[in-house]
Structures are given as structure tokens and as C-alpha cells.
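Subject: Structure for your files

Hello,

The structure is placed just below, and my notes on what was found in it follow. Please read them with the model open.

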Amino acid sequence: MSDVAPPSSAVDPVGAHARRPESPAVLTRRRFLSRVSLAMSALIGLVLSVPILAYLLSPLINRAPSAWITIGRVDQFELGRTVQVAYDDPSPFAWAGQTARTSLWLRRTGQESFTAFAVNCTHLACPVNWLQDAGLFLCPCHGGVFYGDGSVAAGPPPRPLPRYDVRVQGDEVQLLSRPVPIGDEA
Amino acid sequence: MRRLRGAWDWLDDRLGISDTIVPLLVHPVPRVNWWYVLGSATLIAFTIQVITGVALAFSYVPAPNAAYESLEFITHGALFGNVVRGVHYWGSSAMVVLAVAHMAHVFLVGAFKYPREMGWLTGVILLAMTLAMAFTGQLLRWNQDAYWAVALLSSMASRVPLIGNLLVDVIIAGQTVGQSTLTRFYATHVFLIPAAMFVLVGVHVYLVVRHGVSELPKPGKPVNPKTYRKEYQALLDREGIPFWPDFAWKDVAFALWAGSLVLLLAVVLGAPELGKPADPTLLEAHPKPDWYFLWLFALLAYAPPSIESLVIIGLPALMGAALVAVPFIAPTGERAPERRPWAVGIVAFLTLSVVILIYQGSRSAWAPELHAAVPASVVEGLQGDARRGATLFDQKGCLACHAVGGQGGQRGPELSTVGSRLSADQLTWRILYGGSGMPAYGTLLRPDEVTALLEFMQAQREQR
Ligand code: FES
């Protein structure tokens, strides 16, 4: 280990070359190479980003279709009452656990008629609570209040509670699944 | 001995230790004070976050059906798990505090001015990333707060003009909140932002080396780009000290102190309890962010609905733009805080506002109180309708927003003495028609219930 090389600052393989006087022809070749290299780099980025972006955005591209889901039997629900119902995503991830479920407030308004409200407040999507005795939905976050029909009673919420489509098939109550109504989709 | 010496020479030559690294370590810097440790302390906090974060990732499972349980295991099952999680938790607080303090100091002593503008700008991006890390980190707890915070976040995102709904889709990415969300936030928190931060921290530190540590500001000695570099060099030649160890010992000492504090907090207080696991069917949630976002949380709650979207989207955009503009607004001129009253005023005003808002946010007086009961002392001695009114006051949700006898929400006026303030007509009117944040109870109460409530309200009088 006695053959210690000169200090690294003296080693300059590129420098010697670069210091050689340059003719315009060399310059053109260099410029050409640098442009080609840049273009190829851009191409590499482009080629790679297509599958990656598509993969990342796939949930937006492959939307789960809406489907009618049975959420209970008609006689399970008392007339005039609003109760919390939860249903499962029809095709959840195996690792979804509890998050495959969605809650909603279901109100039986007549023999064959139901109204389903999203639990998400139209203000900032906090979960609204139904106060049975008061007949009001109350939002715990900023005190938004909705009447039993989902219309705004007080507080910051700008719009009535979003609704889901519900129908009665035979003796079953069914719900048309949809993405969680947050934002304009509400 | 000779062999050892030879080995060292070989290494030194191949790695360039004496040639590149030692000069870097001992490069001259101006004599400065203790405030200059804040930057390196932020870097050390970042390093601690990386190390504890990697450690946590050894056990954390980023799947919605297991994340909460794996964190419970880390907190209560794993050897020293609670301490590691505690350090990561308190370390994040430390990092936010230090980064903000560092930025405030740089602002106050005008160290963002020529030629260090890029240092400031990279710092602004790093601060934004630090906050993004803090937020995404909270979500990884995957408890009720985290779950509903995702809903809250997407609801806020939906108000961004034009691309709002697209953002919601990107965040939620599916039919229900959470199935795809957790892994998205995990990848962002663990890979995406940290990778970007590594690069930016590198650039940030490189810029400090390139332009040098700013000298202490002197009143009456403005920055002049024509002469600045020359004067700075002259100052270094005259009274510069080697970075290591003359300057760096303060960095190390402060880091030791701050690090011990974080460790102490982690051991004594530990990481916060997780509470209930994320569950879309548990609607009794009151999501609240960690303390460093409480000011924004409070600001949102106080913003009148008409300008709310503006506050949600406009305010952060405005703050970002203002920070980016700083080095372009005042690239030269006085650096000393005593000559820059506006700078001092702005920092003082912002600090005060944030502290007050954080306090307000922690109280959340605007939120209704769902679990209050009318205190016995209030009901005591009430007969007939007034007594029934007390029960109705609770049942009909009045108590959620109005306190009587020290119990109940603080959203609406406190009603312990309302009987002395308002007449029966005024009271009836308020109950039936509501207004300013209160629902109209006209259709919700039977006439006899209104009478009972009225009796109860009138019984709430000043004690003589
Ligand atoms: S989220 Fe419901 S009132 Fe704000």
C-alpha cells in the first residue's frame, strides 16, 4: 500500500480533454449529443410514467359500478323512525376490514317508502348524529343541524344531507350503492 | 503501526477525507449566537424521525384491517414500542416547532436576503413537507380521528376550484372512505415525501455551505449585493472560526438537550392513546387534529360560511405565496430586527394569533356537547312544567349547545340566567323560530312542550 496516488485534485481525466481547443465541428457534435441525450432521458421518463400514472389513477378509471344492495327487511324498520344502517361494499378488498362498510341514516316514511341519508355533513363531512327525541341531525364538528327530512336547520352546512336511492323489492329494502357523497357528488 | 498508517492513507486518498471532507468541516464561519442552532436542530429532528419511522415500519402493517391492531401492538406489546412511538410522536412536534422557529429566526435576522434567497425558498418547501408529514402521520394511526379526518380532508379538497372532485377521487379512490386511502397515505408518508425531503435537505445544506452561514446582523449595515460577498469574505478572514468544533459544539449541545427532552416526554407521557379504531359505523366521532393544526382547525370553525371556501383554499395558498415572496420583496437592505419593525411586528402578530387559535382549537367551544346532563342543582326545587322543561331541555338537544348551571355546550349563549334577561315573548320567539345558528323548533315541539321549556327557561334567573 505504498503506491499512494497523487492527490485526487490532480487527477482530471476530463479536464485535459476539455482544455483542448475546440473546433466548431466538435462543438456541433457535442451539441448534438447533448440534445440527443436530453431527448432520450425525456423519453425514458415518459415511457416509465405512463404505466405508473395509470396504475396510480386506476381507481378513478375503473370505477365500481353502482349496484342495488339489500340493507334489510321492510318490517325491520318502524314507521317514522330514523335508524343507522350499515352495508358492505359488494366487492371490497380482502384487507379492507371495517372500512368496507358504509353507514347511512334510514328513515321509514311510509308503508313502502324510505329515505336514506348520507352520514356525512355537507359542511366538512363529519358524521352527523340523529337525536331521536329532538328529531334533528346534529353534527359534532361545528354544530350543523339538519331536520328529519335532511334539510338544513342551522349552522354552517350549505346543503341538505345527501340522499341515496332506496327502493323496496318484495319485503326487502334496497339501496343503490354510490361513492361516499363528499364534495359536489353530494 | 506502519500498516495502520498505510491503510489510513489508502482510505484517505480513495475517499478524499483530508482533501474534501476535513476542509468542509473546518471551513470558517462567522461568530454567531445560540439562535443559529435551530437549523441544525431541525435536521437532527428529521434524522430522529427517519430512524424511529423506520423502526416503526418494522411492525406497522399499512392495511385497513390491521393498521390499528399493529399500532396497538407497538404501543402495548412490543419491547420499548411505546418509547419508539413516543419519540416519533414528540419528535414530530419538535420538528414542527424547530422548523418554524428556524424560519422565524432566519426571517427576523434577514438571513434570507442576498445571496441566500434559494436557501429560504428550499426552506419554505421543506416546511410545507414537514407539515404534510405531520398530517399524513396522524392518519396512519387509523383510529376514529384519522378516519374522519380523511373525510374532512376530502371535503376540504372538494372546494378547490375546477379540480376539486378529482382531488376527492384521488384521496378516497373507491366506493368507501378508507379501503384505498390508508395505503395511499402510507406510501406518501413513508416514501414519497421523505424521498423529496432527503433531496431538498441536501440542497438546503449545500446552499448553506455555498453561501456561508450568515453573520450576525448589524444595525445600520444593510446588505448591498455589490459589496456583500467581499465584505463577508473579509469578515471570515478577520474573525472567522472553524465550523468544527468552535461553531458545531453549540449545535451538538442543543441537539442533546432537545433530544433528551423528546426522549423524556416519550418515556413519561408516551405516544397518545389511539382511542377507538377507524370505523365508518361509529358515528360518535369528533375528529380533532394534533396540536400543530389546531389553529387552522379553529380558523375554519370561525370563518363565516360565505368566505369559508376562501379560507380553506385561499389562506394556505396565500400563506405559501407570501413566504415565497419574502426574499423577492426585500432582497437587500437592513438585516437587523431593530431596524425592521414590520418584520418583528409580523412575527409577533402571527405568533400571538397562532397561540390564541391553538388554544381556541383545543377548547372547540363551537362544537356541541353531546354527553351533557342538566345538573341536579338546576333541577332541584323545580315543579310541574318547569321540571318537565328541564327534561325536555336535555332531550330536545338544547343542552348540546346551551349550558345551564355549568353543564352543556358552549356553542350558543349560556342560559343560567336567561329568565332575568329575556321576557316570555322573547323566549318563545327564539324557541319557535331559532336563528343565528339555532334551529327553529316550531315544528318539532308540541305546544305543551313549548310551555314546559318556557317555564324552565324562566326559572333560570339570577340568584339574589
Ligand atoms: S362538518 Fe358538520 S358542521 Fe362542520
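In chain B, the loop that joins helix H7 (144-157) to H8 holds Leu162(B); helices here are DSSP runs of H or I with at least four residues, strands are runs of E with at least two, and both are numbered from the N terminus. Leu162(B) has a relative accessible area of 91% and is therefore exposed (exposed is over 50%, buried under 20%, partly exposed in between, with a 1.4 Å probe and protein chains only).

This is a predicted model, in which local features need pLDDT of at least 70 and side-chain atom pairs count only at pLDDT 80 or more, while totals for chains, interfaces and linings use all residues. Residues are numbered from 1 along each chain as its sequence is written, chains are lettered from A and ligands numbered from 1 in the order in which they are written, and side-chain values use heavy atoms, leaving out hydrogens and water.

Leu162(B) is also one of the residues in a nonpolar surface patch of about 1200 Å², along with Ile163(B), Leu166(B) and Val170(B) from chain B and, among others, Ile44(A), Leu48(A) and Tyr55(A) from chain A. Such a patch joins nonpolar side chains (Val, Leu, Ile, Met, Phe, Trp, Tyr) within 5 Å, from residues with over 30% relative accessible area and no salt bridge. Helix H2 (24-61) of chain A and helix H8 (164-172) of chain B each give two or more residues to this patch. The most come from H2(A), which gives eight.

The accessible surface of chain A is about 10400 Å², 60% of it on carbon and sulfur atoms (Shrake-Rupley method, 1.4 Å probe).

Chain B splits into domain 1 (20-363) and domain 2 (376-458), with bounds from an automatic or database domain assignment. Their centres, taken over C-alpha atoms, are 46 Å apart.

As for the interface, 62 residues of chain B and 63 residues of chain A take part in the contact (heavy atoms within 4.5 Å). The two chains bury about 4900 Å² between them, counted as accessible area lost on being put together, with a 1.4 Å probe and summed over both. Gln175(B), Gln179(B) and Leu283(B) supply 16% of what chain B buries against chain A, more than any other three residues. Zero salt bridges are found across this interface (a side-chain nitrogen of Lys or Arg within 4 Å of a carboxyl oxygen of Asp or Glu).

Regards

Terms used. Patches are made of residues with over 30% relative accessible area and no salt bridge: like charges are joined within 9 Å, nonpolar side chains (Val, Leu, Ile, Met, Phe, Trp, Tyr) within 5 Å.
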